[in-house]
Amino acid sequence: MEFKTFVFYMLATIMVLAALRVITARNPVHAALALVLAFFNAAGIWLLLHAEFLAIALIMVYVGAVMVLFLFVVMMLDINVDRLRQGFWNYLPLGGLIGLLLVGEMSIVLGGGYFGLGSIAPPDIPADHSNTKTLGRLLFTDYVYPFELASIVLLVGIVAAVMLTLRRRKDTKFMHPSDQVKVQRNDRIRIVSMPAEKEGD
Amino acid sequence: MEAAALQFFQGFWSLFGLWDWLWSWFKPFWPLAWTLIKIVCILAPVVAAVAYLPYFERKVIAYMHVRIGPNRVGPFGLLQPIADALKLMFKEIIVPTKASKALFILGPIMGLAPALIAWAVIPFDAGLVLANIDAGVLYLLAVSSIGVYGVIISGWASNSKYAFIGAMRSAAQMVSYEISMGMALIVVLMVSNSLNLSAIVAAQGKGTFAGMGVGLLSWNWLPLLPMFLVYLISGVAETNRAPFDVVEGESEIVAGHMVEYSGMAFALFFLAEYANMILISAMVSIFFLGGWLSPVGFLPDSVWWLIAKISFILFLFLWFRATFPRYRYDQIMRLGWKVFLPLCFIWIVVVGAWMMSPLNIWK
């Protein structure tokens, strides 16, 4: 057995176990951390496929940012798992259907040889191939309009999220820092000149 | 270097006449063993530096305060780190009641590990690097972005309100400043045209001033001065050091996420903080101060320049701590999001325009 195969099966096993843990863990924080572990192993499998940019982006974006915010929320909520599981049997048929669909799609991809996908030769990769460079070049030349469009959609999402949660509170004690810096002594204190008092007056 | 190491082992074991027998079964494991040897050669000095950095911190700050600092254990107090380490090792690790025990143990490990694995891509000299990968900068960004898990996990697993508030503060701060650091790095990538750290250092050795023998002025810090400052200050905030150390604001929340930890578990957080400082200093030296390059033409490039630059940035860290009072929390957030981030966005456009103009100095 090639060493790569061993690494793949190791990563895949841990990933499947971690994914199972995500849906079986009673504590939502443990579930979220199991999801982080699954992401790590997915990144490892992508590295095996020479997709180093995707792998590192997965860790940077999902593990480093999305899951951190997710954990923030999950940690601060008091989630009752039993209440969440109440509708389990009602949702089972729908969930099972989606699961079957996923299995079907995966088997088409993995068993591609039976559906004529095997006739497409895998691209030969030169030794000094830089995945990041190729991806960057494609994104900013051939696919620049879809790419910019996607970024505008994201920007709209950010603006919408900010606007939805923005409450102009009246009771906030916010002070603009430049106003604070500009404060002069005379704005805050007044020196009163008083004649000295003498004893006996 | 690999051949020299092999020759050394061959010479050693040939003394006992065991070399041929040993090599016959050890050969498949040699690449693994050689990588392990290299890892130890990189991490041993890092860990030694991590042990002595708190000592230097106490000494430097003491002299800035006109005090003497640690001077009881050994000559000039030089054995102080060893005494501290022994003390912490023999203390009991107390796990709070109802704490999530596995995560409680995992927290400090997740804090220290990213600070150590990042050294895999740091180049010490031309070709002297453990993993010379093309996506080195991305790797560094990814690794530094998982450092925040140590804080969050330990804060939550401690089952303590102070620890949790500290973790929330720290995580929000680290996530905010990571963005400015990444943005500052984008400008560096633009001018050096590579994601490989060795190539980034090599790119700084070229230019008009480097041709005149003053390489010092060709390094990225001068043409990208605003980004250098943003990166350095964000680095201080990212490591939760003074003046951005609200995480462990002693007067408000005792010691932040590490308040429930004792003994060696606490020591790991302590080590992680200093390991992160050294790592950030190394990254500043590589991205903006020319890595192993010599500042003047008549002196050779060597790894000692890198060490000198790292030490200088570390001294800045200590100097900041002795100089500035702690920032207010809302002002920390304001600095990161409203000052540094827009500045980075603008500077990306400015440098892009500069590179397209005839005045481009990075050809």
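What share of the 201 residues of chain A counts as buried? In this predicted model, the share is 11%, where buried means that 20 or more other C-beta atoms, placed from the backbone, lie within 10 Å of the residue's own. Local features need pLDDT of at least 70 and side-chain atom pairs count only at pLDDT 80 or more, while totals for chains, interfaces and linings use all residues. Residues are numbered from 1 along each chain as its sequence is written, with chains lettered from A and ligands numbered from 1 in the order in which they are written.

Chain A has nine helices and zero strands; both are DSSP runs numbered from the N terminus, helices being H or I of at least four residues and strands E of at least two. The radius of gyration of chain A, 29 Å, is well over the 17 Å that the globule rule gives for 201 residues, so chain A is more spread out than a compact globule. That radius is taken over C-alpha atoms, and the rule is 2.2 Å times the number of residues to the power 0.38. Along the principal axes, the C-alpha atoms of chain A fill a box of roughly 115 × 50 × 35 Å.

Turning to the chain pair, 16 residues from chain A and 16 residues from chain B make the contact, with contact meaning C-beta atoms, placed from the backbone, within 7 Å. On the chain A side, helix α3 (residues 52-76) gives the largest share, twelve residues. That side comprises twelve nonpolar, three polar and one charged residues. Here Ala, Val, Leu, Ile, Met, Phe, Trp, Tyr, Cys and Pro count as nonpolar, Asp, Glu, Lys and Arg as charged, and the others, Gly among them, as polar.

Within chain B, the axes of helix α5 (residues 101-117) and helix α7 (residues 148-157) come within 7 Å and cross at roughly 160°. This makes α5(B) roughly antiparallel to α7(B), a label for angles over 145 degrees. Axes are lines fitted to C-alpha atoms, for helices over the stretch in contact, with angles from 0 to 180 degrees between N-to-C directions. Among the residues that meet are Leu103(B) and Phe104(B) in α5(B) and Tyr149(B) and Ile153(B) in α7(B). The contact has nine nonpolar, four polar and no charged residues.

Helix α7(B) also packs against helix α8 (residues 161-192) of chain B, their axes coming within 8 Å and crossing at roughly 165°. Trp156(B) is one of the α7(B) residues in this contact, and the α8(B) residues include Phe164(B) and Met174(B). By class, ten are nonpolar, four polar and none charged.

Notes. A residue is buried if 20 or more other C-beta atoms lie within 10 Å of its own, exposed if 12 or fewer, and partly exposed in between; C-beta atoms are placed from the backbone. Two residues are in contact if their C-beta atoms, placed from the backbone, lie within 7 Å. Angles under 35 degrees count as roughly parallel, over 145 as roughly antiparallel, 65 to 115 as roughly perpendicular and the rest as oblique.
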